[in-house]
Amino acid sequence: YDGEGVWAFNGETPVMLEAVDVFVPARQDYTLKEFEVLVGDEGPTGTFKSLGTFTVKNRKVMPDGYQRFTFPKVMTKYLKIKFVSGYGGYIAAYEFRAIGKLAE
């Protein structure tokens, strides 16, 4: 029921991360409901710090279907998304976007 994934930014370049967008194309029985955002600098299997758990609305939000979840800006090399729950028996997630700026 739960799952997670870890991503690095542009060859492990630090990023000033400020939000995550989740795409929901329409109301569905198995839409992702809750997810946790975590960040870390020690590698994909290192220690991560939670930025919070967020709740997705089970509907398409206009104009483009993306729902934005913000948190205090944080510098990080890795982003982990952990699925916590869904609206049905399994979790369907389509697309995530990390919102921030690469370090200069």
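Is A92 buried or exposed? I began with this residue in what is a predicted model. A92 comes out as buried, at a relative accessible area of 19%. The cut-off for buried is under 20%.

**Entry 1: around A92**

I placed A92 in the loop between β6 and β7. I then listed what A92 touches, leaving out residues up to four places away in sequence, and found Y30, T31 and L32. For L32 I also looked up the spacing: A92 and L32 are 5.7 Å apart in space, C-alpha to C-alpha, and 60 residues apart in sequence.

**Entry 2: Y30 and Y90**

I went through the aromatic pairs next and counted eight. I took Y30 and Y90 from this list, a stacked pair with 4.0 Å centre to centre and 15 degrees between the planes. Y30 sits in the loop between β2 and β3, Y90 in the loop between β6 and β7, so the pair ties together parts 60 residues apart in sequence. I checked the accessibility of both rings' residues. Y30 is partly exposed at 31% relative accessible area, and Y90 is partly exposed at 48%.

**Entry 3: F35 and F69**

I turned to the rings of F35 and F69, whose centres are 5.2 Å apart with the planes at 85 degrees, so I logged the pair as edge-to-face. F35 belongs to strand β3 and F69 to strand β5, so this pair ties together parts that are 34 residues apart in sequence. Both F35 and F69 are buried. I also noted that F35 and F69 belong to one aromatic cluster, with F54, F71, F83 and F96 as the other members.

R97 lies over the face of Y66, at 3.4 Å from the ring centre.

**Entry 4: the sheet of four strands**

I traced an open sheet of four strands, ordered β1-β6-β3-β4, with antiparallel pairing. The edges are β1 and β4; each has a single partner strand, so one side of each is left without a neighbour in the sheet. From one strand to the next the twist averages 20 degrees.

I followed β6 through its pairings. With β1 (residues 3–8) it pairs in the antiparallel sense over six bridges. On that side I found A8 opposite Y78 in β6 and G3 opposite F83 in β6. Toward β3, β6 is joined by eight bridges, and the two strands run antiparallel. There V37 stands opposite I81 in β6. I then looked up burial along β6: seven of its nine residues are buried, so β6 is largely enclosed by the rest of the structure.

**Entry 5: the sheet of three strands**

I found an open sheet of three strands in the order β5-β2-β7, again with antiparallel pairing. β5 (66–76) and β7 (95–102) are at the edges with a single partner strand each, so one side of each is left without a neighbour in the sheet. Neighbouring strands of this sheet are turned by 20 degrees against each other on average, with direction ignored. For β2 (residues 15–23) and β7 I noted antiparallel pairing over eight bridges. In this pairing A19 stands opposite I99 in β7.

**Entry 6: the core**

Which residues have the most contacts inside the largest nonpolar core? I found L17, F35 and V37, in a core of 20 residues. As background, nonpolar side chains tend to be buried together in soluble globular proteins.

I looked at L17 in more detail. Leaving out residues up to four places away in sequence, L17 touches F9, V39, F71, P72, K73, V74, T76, L79, A98, I99 and G100. Of these, F71 is also a member of the aromatic cluster, and I99 is the residue that A19 stands opposite in β7.

Methods
Residues numbered from 1 in each chain as written. Predicted model: local features only at pLDDT ≥ 70, side-chain atom pairs only at ≥ 80, totals over all residues. Heavy atoms only, no water. Pairing = 2+ DSSP bridges. Axes fitted to C-alpha atoms, helices over the stretch in contact; angles between N-to-C directions. Phe/Tyr/Trp six-rings, centres within 6.5 Å; stacked < 30°, edge-to-face > 60°. Buried < 20%, exposed > 50% of the residue type's maximum accessible area, 1.4 Å probe, protein only. Lys NZ or Arg CZ within 6 Å of the ring centre and 35° of its normal. Core = buried A, V, L, I, M, F, W, Y, C linked by side-chain atoms within 4.5 Å. Contact = heavy atoms within 4.5 Å.
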